[in-house]
Amino acid sequence: MLIDSHAHISDEKFDSDRQDVIARAYDNDVKYIIEVGCDPNEWDKVLEISKNQNIFSMFGIHPHDAIKFNIETKTKLEILLQDKKCVAVGEIGLDYHYDLSPRDVQKNVFIEHIKLATKLNKPVCIHCRSAYSDMLKILKELKELPKGVIHCFSGNLDEAKQVLDMGFLLGIDGPCTYPKSDKLKEVVAKTDIDKLLIETDCPYLAPQAYRGQRNEPSYVVEIAKKISEIKNVPFEEVCKITTDNTIKLFKLGI
Ligand code: NI
């Protein structure tokens with residue numbers, strides 16, 4: 001059994017065949033999906049999708065949309081975070097690659113979300129792109145750290161060590177299957193499987209075998225295969241350990 005620990009099947013790219021996509025994941029042993037609602041405009045849709053028995057949810061505001069964080073969205077978010085299918089606060093963090101919200105706003109909103117996670121005793125799912133030094137600085141200055149995952153990890157070995165030391169796990173996605181991802185492959189090779197989660201981040205980042213196409217939860221199998229190859233550990237063991245890691249971090253009642 002596998003779990004896609006980070007998916008966006010609420011994306012409109014799945015509007016015409018969402019049920020088929022969920023069924024195909026299940027048929028490929030991807031028995032559960034954690035669906036991410038990280039834009040306030042999509043929260044209701046994600047809530048609806050998470051009513052499916054094989055789908056869990058997480059809610060938050062993506063750094064791209066950090067400017068949407070206000071009293072109104074914060075109040076709604078607190079309610080969503082207490083939904084029985086909601087297992088985490090996310091995805092939240094910093095994105096200096098696109099800079100779609102001002103950096104100061106991104107930082108403040110990131111910290112607000114972490115405080116919320118600590119208050120509600122939920123893990124966090126962190127998105128960090130081209131902002132590792134600021135993310136590490138923020139996390140190190142916090143008095144209380146939640147558990148969590150650095151989703152779609154894209155940092156170097158030193159940055160991996162720093163977040164692992166703080167108790168976070170690393171989310172591994174399609175890029176580990178790309179021919180030019182030497183830095184990520186090194187991180188995977190040198191990190192204990194106990195610290196890895198597998199995820200698709202679909203519809204983005206399709207693994208090499210499907211590159212250029214729409215990504216979907218059933219393709220998380222490709223990530224497990226690649227980790228098995230990089231670490232020279234049997235495929236079944238990679239599936240079992242990463243699934244256990246996911247169940248434990250998000251306290252999935254399955
Ligand atoms: Ni994502």
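Biologist: How are the donor residues of the nickel ion spaced in sequence?

Modeller: They run H-x1-H-x82-E-x109-D. This is a predicted model, where local features need pLDDT of at least 70, side-chain atom pairs count only at pLDDT 80 or more, and totals for chains, interfaces and linings use all residues. Residues are numbered from 1 along each chain as its sequence is written, and side-chain values use heavy atoms, leaving out hydrogens and water.

Biologist: What makes His6, His8, Glu91 and Asp201 donors to the nickel ion?

Modeller: A donor is an N, O or S atom within 2.8 Å of the metal (3.2 Å for Na, K and Ca). Here His6 (NE2), His8 (NE2), Glu91 (OE) and Asp201 (OD) sit at 2.0 to 2.2 Å, so they qualify. Water is not among the atoms, so sites may look incomplete.

Biologist: Why is the site of the nickel ion called irregular?

Modeller: Check the angles among its four donor atoms: they go from 82 to 176°. Tetrahedral needs all angles between 85 and 135 degrees, so that's out. Square planar (four donors) or octahedral (six) needs opposite donors over 155 degrees apart and all others between 65 and 115; anything else is irregular.

Biologist: What do histidine 6 and glutamate 91 tie together?

Modeller: Histidine 6 is in strand 1 (residues 2–7) and glutamate 91 in strand 4 (residues 86–95), so the pair links parts 85 residues apart in sequence. Strands are DSSP runs of E, at least two residues, numbered from the N terminus.

Terms used: Helix = DSSP H or I, 4+ residues; strand = E, 2+ residues; numbered from the N terminus.
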